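The entries follow the order in which I looked things up.

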Amino acid sequence: MNSDCRGTAGCEAATAWGAAAFFTKEHFGLLEELMYPKKAKAGERLFWEGDATGKLYYVRSGSVKVTKTTEDGKTVNLTIQRRGDLLGELGLTGSSVYEYSAVMMEDGEFGVIQEKDLEILLHRHGDFAVAFTKWMALQHRTTQSKFRDLLLFGKPGALASTLIRLCNTCGVVTPEGIRITMKLTHTELAEFIGATRESVNRMLSDLKADGIVEIEGGCLLVKSLNQLKSICQCPSFPACPREICRI
């Protein structure tokens, strides 16, 4: 495996659509004043499904996998949060608990924001409250677009959509195609689409046979992005902009 494909290092160089890029410099400065530092090791849980909400985690470094456990014990990967992202959930309407878990994929550092401090900021700065509401709406649109891909176009469509999102998030354009620099096992890919590892193996084999993807140095290489888009009937921009079409 090439060093470029280890962990999520390649994602650090990718275009950032996190909170730091979404808010203005002044807005982010207000938010940063509320943060206190936290470190976490690879494999550590930031929080468990069922834990009380009330904090946001700003990812300064590292990456975090957000997962959901189904009633039959299966794990579904919802998203991967990276540098510049805000992670967590607020109980602004009353007491609530997390509906998902967050586990570290690699060592990371965070700025932690308490809900009570954020509420004061939202009350005092109306322009920040508007920006924060828009950011939350973007998160919901991203989640809804993933559900669309999972529900409407079967497992092949869901896998194609996941590969497209990986290209947008951690893709490096090369003469041969788009190299996905985030190293994911077939099991992890399967957990993104609610499938088995064996079915992902078969679908990837079909994509390779059709010349759509290849394996290069341990990384997935997407040779035909347009063919992937046709499998999941990918909407044209601006119906699904890249800040939404991300892993």
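At what angle do the axes of helix 6 and helix 7 cross, and within what distance do they come? I first note that this is a predicted model, in which local features need pLDDT of at least 70, side-chain atom pairs count only at pLDDT 80 or more, and totals for chains, interfaces and linings use all residues. Residues are numbered from 1 along each chain as its sequence is written, and side-chain values use heavy atoms, without hydrogens and water.

**Entry 1: helix 6 and helix 7.** I find that the axes of helix 6 (residues 154-170) and helix 7 (residues 186-193) cross at roughly 110° and come within 9 Å. Axes are lines fitted to C-alpha atoms, for helices over the stretch in contact, with angles from 0 to 180 degrees between N-to-C directions. Helices (H or I, at least four residues) and strands (E, at least two) are DSSP runs numbered from the N terminus. Helix 6 and helix 7 are therefore roughly perpendicular (65 to 115 degrees).

**Entry 2: helix 4 and helix 5.** The axes of helix 4 (residues 115-124) and helix 5 come within 5 Å and cross at roughly 115°. I list Leu-118, Leu-121, Leu-122 and Arg-124 of helix 4 as meeting Gly-126, Phe-128, Ala-129 and Phe-132 of helix 5.

**Entry 3: the cavity.** How many cavities of 30 Å³ or more does a search of the whole structure find? I find one. A cavity is a set of points on a 1 Å grid over the protein atoms alone where a 1.4 Å probe fits but cannot get out; lining residues have an atom within 4 Å of a point. The largest cavity has a volume of about 40 Å³. Its lining includes Arg-148, Asp-149, Arg-165, Cys-232, Cys-234, Cys-240 and Cys-245. Helix 6 gives the most to this lining, with three residues.

**Entry 4: the second largest pocket.** A pocket is an open set with protein on both sides within 12 Å along at least five of seven lines. I note about 210 Å³ of space in the second largest pocket. Among the residues lining this pocket are Asp-72, Lys-74, Glu-191 and Thr-196. Strand 5 (75-81) and helix 7 are the elements that give two or more residues to the lining.

Terms used
Angles under 35 degrees count as roughly parallel, over 145 as roughly antiparallel, 65 to 115 as roughly perpendicular and the rest as oblique. Grid points are joined across faces, edges and corners, and a volume is the space filled by probe spheres set on the points. Contact means heavy atoms within 4.5 Å.
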